[in-house]
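Please consider the structure below. The report that follows describes how its parts pack and pair.

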Amino acid sequence: MNSDIISDIFFSCFNKIPQETERCAVGIANYVYIVKCDDIKYIIRCSGDKNAYDETVFWLKKLSAIDVPVPKVLFCGQYGQYSYLILNYIEGRDIGPVYRGLTSEEKKEIAKDVIAIQRKVSQLPLENIDGEWSWVRFVDGMLENAEKLIVQNGYFDVQKVARLRAQKVILEKYFADVKPAAYLDDISTKNLLIHNGRLSGIIDIDQIGAGDDLTYIAMTYVALLNMDCDTDYAEYLLKERGCTASEMKAFWFYSLLYCVDFMGERGTQFGDKKIEVNDEIVNRLNKIYDTLWEKWREQIAENVKIIEIHGANEHKIISKTRTGCRGIVIKNSLMLISHEINSDCYLIPGGGLEENETLEECCVREIQEETGYIVKPVCRFLTMNEYYEDCKYVSHYFLCDITGEAEQNLTEAEKERGLIPEWAEPEKMLELYSNYNDFAATDEEKRGQYQREYAALSEYLKMFKI
């Protein structure tokens, strides 16, 4: 692709020879040129793919009909091996390059305009939605693509993707409820034109997103961090849109998702362009990931539920309290279980809190000792208070990530019981635990343990599973 071909395309449509042709720096999957003729500017987009702009033309017409400021389609066709699209030129520059020159009020007004546009777009009907459409598939697809590119390019630690994927379970219920609503999914620090401090147009629309519109705000947030700019504009978008507590959790997850997406792009070849990468960029994105991870941790470290279980033999006066920690560990949709072979007892791994030990440290130590897996607690989601005789038993339940493996370190009692780690389907364990009363006459300790695990696992499935 070169200026001569662009001039030929222009002449074939207008029967005029352009005064100037200038290739734009934007455009990863397309060749984009500004063409000037009779002192009027035009945009010509070209692609080597046949019928590359059919969907673009469809959506530009739909958006124009609801007064979204998009370019007008002047010509669309095929020239030799190239598909082309000729649009009118909209005055303005991407918001990214002009961002530092915008005032706070201008950022607020732009955010208001963008949210108003997104609300209009959300009312557009979406055609050809796959009957098996799910937002979880979108999230999984982004994680898989980032993982593939990070491994291929070798500039970042792919464990960052694995770490984020393990967090997905926290939002599975939220993701399952996301419906395929239309939104502009590729307006961040690019494709949003600003002229004299105001929004003048939206460009480079190849398709419409379907799902959670928080993603474009998260992408904007990460892009601003990557530019080492303030994030005021993204925060104005969130405020203007309005977000529930669950949506804010999703926002921070999406921000991490786009961070690993940015990491995957670095060093990738798109057409005749390779995305820049160097030590400064790598260090900056790693720092952004760490900052976002802390934000994510803050969001999920709240609202611990409390469940009370009162045994029939509970005394009126409680004189002792015993505290312990247990961890739900999920891998490939299976949960980690401590199986006591000699008594055929299946328990969620964990144990008693030691002196000068935090709850998280207790959870990590007990799971490693019982199972040999090294874990990192992600969030504490439940506290269980059980009352038997004169004792209160407090169990704190954590959702945990696996970070490594080590040797088991069983007590003599655990060795005698034949304790081994196993993986099981959570739903099958819930069914087993639900029969806790079957042991009322034969094994009161096991009955109580299964009642506790049934309550905890029920809460986990309700909170984190579809």
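Helix 8 passes helix 9 in a left-handed crossing, a crossing being left-handed if the near helix is turned anticlockwise from the far one by less than a right angle, and right-handed if clockwise. Helices (H or I, at least four residues) and strands (E, at least two) are DSSP runs, numbered from the N terminus. The model is a predicted one, in which local features need pLDDT of at least 70 and side-chain atom pairs count only at pLDDT 80 or more, while totals for chains, interfaces and linings use all residues. Residues are numbered from 1 along each chain as its sequence is written, and side-chain values use heavy atoms, with hydrogens and water left out.

**Helix pairs**

Two packed helices are described by the angle between their axes and the distance between the axes. Axes are lines fitted to C-alpha atoms, for helices over the stretch in contact, and angles run from 0 to 180 degrees between N-to-C directions.

| Helix pair | Angle | Axis distance |
|---|---|---|
| Helix 8 (residues 214-226) and helix 9 (residues 232-241) | about 160° | 8 Å |
| Helix 6 (residues 159-167) and helix 10 (residues 245-265) | about 155° | 10 Å |

On helix 8, the contact (heavy atoms within 4.5 Å) with helix 9 is made by Leu214, Tyr216, Ile217, Thr220, Tyr221 and Leu224; helix 9 contributes Tyr233, Ala234, Glu235, Leu237, Leu238 and Arg241. Nine of these residues are nonpolar, one is polar and two are charged. Here Ala, Val, Leu, Ile, Met, Phe, Trp, Tyr, Cys and Pro count as nonpolar, Asp, Glu, Lys and Arg as charged, and the others, Gly among them, as polar.

Helix 6 also passes helix 10 in a left-handed crossing. Lys160, Val161, Leu164 and Gln167 of helix 6 meet Phe253, Leu256, Leu257, Val260 and Met263 of helix 10.

An open sheet is formed by three strands in the order 6-8-9, with antiparallel pairing; two strands pair if DSSP finds at least two bridges between them. Strand 6 and strand 9 stand at the edges with a single partner strand each, so one side of each lacks a neighbour in the sheet.

Two bridges join strand 6 (residues 93-94) to strand 8 (residues 192-195), and Arg93 has Ile194 as its bridge partner. Strand 8 pairs with strand 9 (residues 198-202) over four bridges. These two strands form a hairpin with two residues between them, and Asn196 in the turn has a positive phi of about 55°.
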